[in-house]
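I opened my notebook to follow a few helices through this structure, one entry at a time. The sequence and the model come first, and my notes follow.

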Amino acid sequence: MNLKKRLGSLVYYLILTIAALFFLFPFLWMFVTSFKVPGTGDKFLYIPSNKINFLEVKKSELITMGLDVSGVSSVHLKQKIKDLYKPGSVPSWQEIELLFSDMLQRSLSPSEKGTLRAKFSPQYDINKVDEKLLLDLGFSKRDAQIIVTYRDHNGEYDNPSNLREIPLLNPSNLRLINRWFVSDPKILLNLDEPTRYRELNWSQIDIQIYREFRKKYGISIRNLRDFEGQNAIKALRVEALDKANKLFFSNKLYTLGNYKKILGHHPRGDDFTFGRAFFNSLIVSVGTALLTILLCTLGGYVFAKKQFTGKTYLYVTFWASMMIPGMMFIVPQYVIITKLEWVNSLQSMIIPHAANIFGLYLMKQ
């Protein structure tokens, strides 16, 4: 009997555990995918791939995969593959498959094509290329140094699109500009002066990027926010970024960058970060609550304890205003806020909601 009770309890707890896992799975899935590198596409892919650049393929690996290239010398195979890689480009899969078809004297089967694509990538791994290879691929010496140096200082790239985040100004530049800013707040508009850009060690391309950014977006002279951390002016031009997207891939599947992005500071043009949004919400909610309690308490005390002419009519008028939909107040509130020059400020979110009729009623009662 005791055995049956124990088995029954075990089954019961097993069912509860399965049910709990069933309901918790969506939260677990969301937590895991929150670490995924943006742009991976397949949200049900959990194990990183181990693709390597096709240029590094070994004869033994091809034989293990089932491609009988034993009759081809390793040197000849390497040369054939190298010939596919023209300067500044990568071969297409059709070119790679055609190469093997010629060597094997037959067409590749769908399974062989799938195995090739799963094991290799025609592109170069962005986290393995060195400065020399970047130069061979057609990047300028400046761009090659920027890509390698930033990777060495900040860790591996999650994907080639990370190159878009490389700032024009390095930490030493930022410290120098901070010193200049103390004595001349307008310095941000004049970084392209000869005495300045020489100290910043800028090339003519750097100066041009700075001027294009200043012309397109303007630069605030009131603060250094755009020049702190990941500043808004980026180091690589569109041509280099487009080339990188064609030439490189990355095996990384998980990253902490998603959390760094929402918690850290980001340049102009991005949404507010989570930290900034939370701080704003905290100020608005606490400020509104405190002012509402203060004002409604004062008003409720007057209506509850004091006698004055028109008290009843004024109270009824307040109650009647509650029948007006809140949307009717949006336009006049916006006009008032605009006249007070409070647009895009915290007080515009607090003051209009600092007291309400329902709170007055609660305090009076």
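Which residues are buried in H4? Keeping in mind that I am reading a predicted model, I looked them up and found Trp93, Ile96, Glu97, Leu99, Phe100, Ser101, Met103 and Leu104.

**Entry on H4.** I then checked the length of helix H4, which runs over residues 93-104, and its 12 residues should span 16 Å at 1.5 Å a residue, which agrees with the 16 Å between its end C-alpha atoms. I also looked for what covers its buried residues, and the list includes helix H2 (59-64), helix H3 (74-84), helix H5 (110-119) and strand S2 (120-121). Just after H4 I noted glutamine 105, which takes a positive phi of about 60°.

**Entry on H7.** Helix H7 (residues 141-154) has 14 residues and reaches 20 Å from its first C-alpha to its last, which I found close to the 20 Å expected at 1.5 Å a residue. I listed its buried residues as Arg142, Asp143, Ala144, Ile146, Ile147, Val148, Tyr150 and Arg151, and I saw that they pack against helix H6 (131-136), helix H10 (204-217) and helix H11 (238-247). Glycine 155 follows H7, and I recorded its positive phi, near 90°.

**Entry on glycine 287.** I located glycine 287 in helix H13, which covers residues 274-305. Leaving aside the neighbours within four places in sequence, I found glycine 287 in contact with Leu282 and Ile350. From proline 87, glycine 287 is 200 residues away in sequence and 62 Å away in space, C-alpha to C-alpha.

**Entry on H14 and H17.** How do two packed helices get described? I use the angle between their axes and the distance between the axes. For helix H14 (residues 311-321) and helix H17 (residues 357-364), the axes come within 9 Å and cross at roughly 135°, which means that H14 is oblique to H17. Tyr315, Phe318, Trp319 and Ser321 of H14 make the contact with Ile357, Leu360, Tyr361 and Lys364 of H17. Sorting the residues of this contact, I counted 6 nonpolar, 1 polar and 1 charged.

Methods. Residues numbered from 1 in each chain as written. Predicted model: local features only at pLDDT ≥ 70, side-chain atom pairs only at ≥ 80, totals over all residues. Heavy atoms only, no water. Axes fitted to C-alpha atoms, helices over the stretch in contact; angles between N-to-C directions. Helix = DSSP H or I, 4+ residues; strand = E, 2+ residues; numbered from the N terminus. Parallel < 35°, antiparallel > 145°, perpendicular 65-115°, else oblique. Contact = heavy atoms within 4.5 Å. Nonpolar A, V, L, I, M, F, W, Y, C, P; charged D, E, K, R; others polar. Expected span 1.5 Å × (residues − 1). Buried < 20%, exposed > 50% of the residue type's maximum accessible area, 1.4 Å probe, protein only.
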